[in-house]
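Student: I have just opened this model and would like to learn how to read its features. Could you take me through a few of them?

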Amino acid sequence: MPLLSRIALLGLLLAAPLAQAADEELIRLLEQKGYLSEKEANEIIESDGSFDFKPNSKRTEELTVGALLQFQYNYMQAQNGGGPNPATRNNFQLRRAYLTLEGKIGDGFGAVIVPNFGDAKARLDHAYVYKEIENPDMKFYAGLRKVRFDEEEYSSTSKLRTIERSLVTDYWGNDTGTENQIPEGTEANGDLGFAAQHMGLFGDWKIDDNFGAELALVNGYASSSPGNTFQNKIGVYAQLRSSWDLSSEEGETMKLQAGINTGYQASGNSYWQPTANGASASATNLYIGNSDSDASSIGVNPYVIFQWDGFMISGEFLMNWVENGKLYDNAQLSAASGGNVTASSQAIPWGIVVTPSYRFFDDYEVVFQYAYINTDGRGVQIDGTVPNAPDVGRLFFQEAQSFYLGFNWYILGDDLKLQFGYSYLDYSGQYNMPNGGTVNPESGSFTGAGYGLHIFRGQIQVIF
């Protein structure tokens, strides 16, 4: 039985009300699907559906099981500035379905497994072991975990003030891949793949009440599995952070957080290598990089978060230096079509995200967000920065920006939260790729028509 299926079954059996109400029909169904053996099924039926759960290890001191569900409604209308509009998206979606399992075995050791069954996929979101040390206040991790880069990405999904993370965060955080070497579960969608989940070693040090630091040595590629024939070099990420509680004795809340995240990703940004296609160049084989070892990347990300009673504002700046990161210009396309393939130029994409919000009467919140990205010739794609995006094809754009206005109702805090939000996203400077294998003066330039998207989302979140 697949690992994720066993984890799902474990969560099912740990749910006491359901286990007590389990009848023979359900048990036999689980047996038919291969989740239970005939012997296990008979034992449960003979015990009237009740059973004892025991951990594998006698050393286990504590087991915690939880879940997070996010159910969405999406309406997306795209406006193509240079052609027909794609079909409008109008659908319901199980955006996320996290099962959280944590076990502690004593002496500060423990482990966390968080599979995600949302989007009709089963994949690991987090899976790591950890060790806590009290003096000094440190914590070490080994496994799949988010690196400390892009604070919006690092923030807990359950506590997001916007329904979705910004297009800037998706650009920096989503997986990337190559045309012919795409690790399972990823897409060659043009994103940087610099932030988000990496496999490796992590260390967090709480220096005192106001300062902290984090260091990570990880696979450069943002994925739960190593790259196939490339991107196997180690990446390095580091953070310095500060936090200050400036609240008054009269009960006025005032808090300030600030920090800087940095990272180095060796050969972690290659995808779609440029190669000649006979005597011509085509849109499917001339993109970023020159070899499997090129396209290393260095990133910097300062951020600040300020709260004053119900008002909160967060802002961050992201910038990366990407080796061989630019899409080919016309001269490079023409040379490659003649068999002279050379490396592309360095790209320096940068972006900003600003999110002010105001929470009133404890249970209601109004949120605005502005995000902007300039790719400096690297290009950004719609499907890589818009979850559940309309089918717009493989288009690259030079710049993109988004405006978000939303309302949150904290019915039971974050445990039961209802959100509504409207977004307008604008992608400009479409990359003109060779058409039908023909290189012309317009190819290899970001001068094409743009795209606009109007998006309305509604979401209900439940945590238990």
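This is a predicted model: local features need pLDDT of at least 70, side-chain atom pairs count only at pLDDT 80 or more; totals for chains, interfaces and linings use all residues.

Student: How do the axes of α3 and α4 cross?

Tutor: Two packed helices are described by the angle between their axes and the distance between the axes. Here the axes of α3 (residues 24-32) and α4 (residues 38-46) come within 9 Å and cross at roughly 170°, and the two helices are therefore roughly antiparallel (over 145 degrees, between N-to-C directions). Helices are DSSP runs of H or I, at least four residues, and strands are runs of E, at least two.

Student: Which residues have the most contacts inside the largest nonpolar core?

Tutor: In soluble globular proteins, nonpolar side chains tend to be buried together. A nonpolar core joins buried Ala, Val, Leu, Ile, Met, Phe, Trp, Tyr and Cys residues through side-chain atoms within 4.5 Å, buried meaning under 20% relative accessible area with a 1.4 Å probe, protein chains only. The largest core has 40 residues, and Trp-172, Ile-382, Val-386 and Tyr-427 have the most contacts inside it.

Student: Where do Glu-214 and Arg-145 lie?

Tutor: Glu-214 lies in strand β7 and Arg-145 in strand β5, so the pair ties together parts that are 69 residues apart in sequence. Their side chains meet in a salt bridge at 3.2 Å, N to O, the rule being a Lys or Arg side-chain nitrogen within 4 Å of an Asp or Glu carboxyl oxygen. Both Glu-214 and Arg-145 are buried.

Note on methods. Residues are numbered from 1 along each chain as its sequence is written. Side-chain values use heavy atoms; hydrogens and water are left out. Axes are lines fitted to C-alpha atoms, for helices over the stretch in contact, and angles run from 0 to 180 degrees between N-to-C directions. Angles under 35 degrees count as roughly parallel, over 145 as roughly antiparallel, 65 to 115 as roughly perpendicular and the rest as oblique. Buried means under 20% relative accessible area, exposed over 50%, partly exposed in between (1.4 Å probe, protein chains only).
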